[in-house]
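Good morning, everyone. Please have a look at the structure on the screen, and then I will walk you through it.

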Amino acid sequence: MNTTLIACEAMPRLNNELPCRVRPLQPADLGALMAIQRACYGAEYAESESIFARRIASPAQCSLVVEREGALLAYLAAYWSVAGKVTPLHGDFEACAVPEVLYLHDMAVHPAHAGQRLAGRLLAPLWAQARERGIRQSSLVSVQGTQDYWRRHGYRLQALQDPAQLQRLASYGEHAVYMQRGFDGHTLSVHGESGDNAGYA
């Protein structure tokens, strides 16, 4: 992954907050990532440290974190995939020969840092990177009532037809939905978002 560190202080600060930065997720971050996950999710959606370790090792992953003074505030687990493919709960990030989709698997902001637009600071660089790579779509599975949040960011419900992918979607529970957005014709600005998403994508 060729992600340049992004200084959050280059964006508008809120309440004179201390500088933070966005950078790639690293193995040393796993302990702090687990703490954010525990703070955001119930046991139903919690995934293990070993699963995240395997995802970091995947050549397809492009996950990011926000940190401030060495403390992890938020993360976005993502990778390059193909349209119509769902990563099941507790599933690995499977590399593909010709990526065509930026897949957002899991984004969480620690509740103590909600309202600081950290989610947008994770989304914007990955959307921009997708455009640079010629990727024209992004997809995700929305659970825990996050459909409206993702709809505000241009994602729309997308029906799945393949039985195997429907089975993967079912791993998130009956209310989970597959959503997708195209980058053509959409702005990458996230400064107008109404709040952070402290939970699953």
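How many helices and strands are there in the protein? There are 5 helices and 8 strands. Helices (H or I, at least four residues) and strands (E, at least two) are DSSP runs, numbered from the N terminus. Along the sequence the pattern reads β-β-α-α-β-β-β-α-β-α-β-α-β.

A word on the source. This is a predicted model, where local features need pLDDT of at least 70, side-chain atom pairs count only at pLDDT 80 or more, and totals for chains, interfaces and linings use all residues. Residues are numbered from 1 along each chain as its sequence is written, and side-chain values use heavy atoms, with hydrogens and water left out.

Now the overall picture. The protein has 201 residues, and buried residues make up 51% of them. Buried means under 20% relative accessible area, exposed means over 50%, and partly exposed is in between, with a 1.4 Å probe and protein chains only. Next, contacts, meaning heavy atoms within 4.5 Å. Take those between residues at least 6 apart in sequence: 74% of them join residues at least 24 apart.

Let's turn to a helix pair. Two packed helices are described by the angle between their axes and the distance between the axes. Here the helices are α1, residues 30-40, and α2, residues 49-57. Their axes come within 10 Å and cross at roughly 125 degrees. Axes are lines fitted to C-alpha atoms, for helices over the stretch in contact, and angles run from 0 to 180 degrees between N-to-C directions. Why are α1 and α2 called oblique to each other? Because angles under 35 degrees count as roughly parallel, over 145 as roughly antiparallel, 65 to 115 as roughly perpendicular, and the rest as oblique. So α1 and α2 are oblique. The crossing of α1 and α2 is right-handed. A crossing is left-handed if the near helix is turned anticlockwise from the far one by less than a right angle, and right-handed if clockwise.

Which residues meet there? From α1 come Leu 30, Leu 33, Met 34 and Gln 37. From α2 come Glu 49, Phe 52, Ala 53 and Ile 56. Ser 48 is in the loop between α1 and α2. Ser 48 counts as partly exposed, because its relative accessibility is 31%. Ser 48 and Leu 30 are 18 residues apart along the chain, and their C-alpha atoms are separated by 9.7 Å.

On to another loop. His 90 is in the loop between β4 and β5. Its relative accessible area is 40%, so His 90 is partly exposed. Leave aside its neighbours within four places in sequence, and His 90 is in contact with Ala 46, Glu 47, Ile 51, Arg 54 and Arg 55. His 90 and Tyr 172 are 82 residues apart in sequence, and 9.9 Å apart in space, C-alpha to C-alpha.

Now the rings. Rings of Phe, Tyr and Trp (its six-membered ring) pair if their centres lie within 6.5 Å; planes under 30 degrees apart count as stacked, over 60 as edge-to-face and the rest as tilted. By this rule there are 5 aromatic pairs. One of them is Tyr 79 with Tyr 103, a tilted pair, 5.6 Å centre to centre and 55 degrees between the planes. This pair links distant parts of the chain: Tyr 79 is in strand β4, Tyr 103 is in strand β5, residues 101-109, and they are 24 residues apart. Both Tyr 79 and Tyr 103 are buried. Trp 150 and Tyr 155 form an edge-to-face pair, 5.4 Å centre to centre, with 80 degrees between the planes. Trp 150 and Tyr 155 are buried as well. Ring pairs also link Tyr 79, Phe 93 and Tyr 103 into a cluster.

Strand β5 also holds Met 107. Is Met 107 buried or exposed? Met 107 counts as buried, because its relative accessibility is 0%. Met 107 and Tyr 75 are 32 residues apart in sequence and 5.7 Å apart in space, C-alpha to C-alpha.

Some rings carry a charge. A charge sits over a ring if NZ of Lys or CZ of Arg is within 6 Å of the ring centre and within 35 degrees of the ring normal. Arg 133 lies over the face of Trp 80, at 4.2 Å from the ring centre. Arg 181 has its charged end over the ring of Tyr 155, 5.9 Å from the centre.

Last, a backbone detail. Glu 69 is not a glycine, yet it has a positive phi of about 50 degrees. Glu 69 is in the loop between β3 (64-68) and β4 (71-81).
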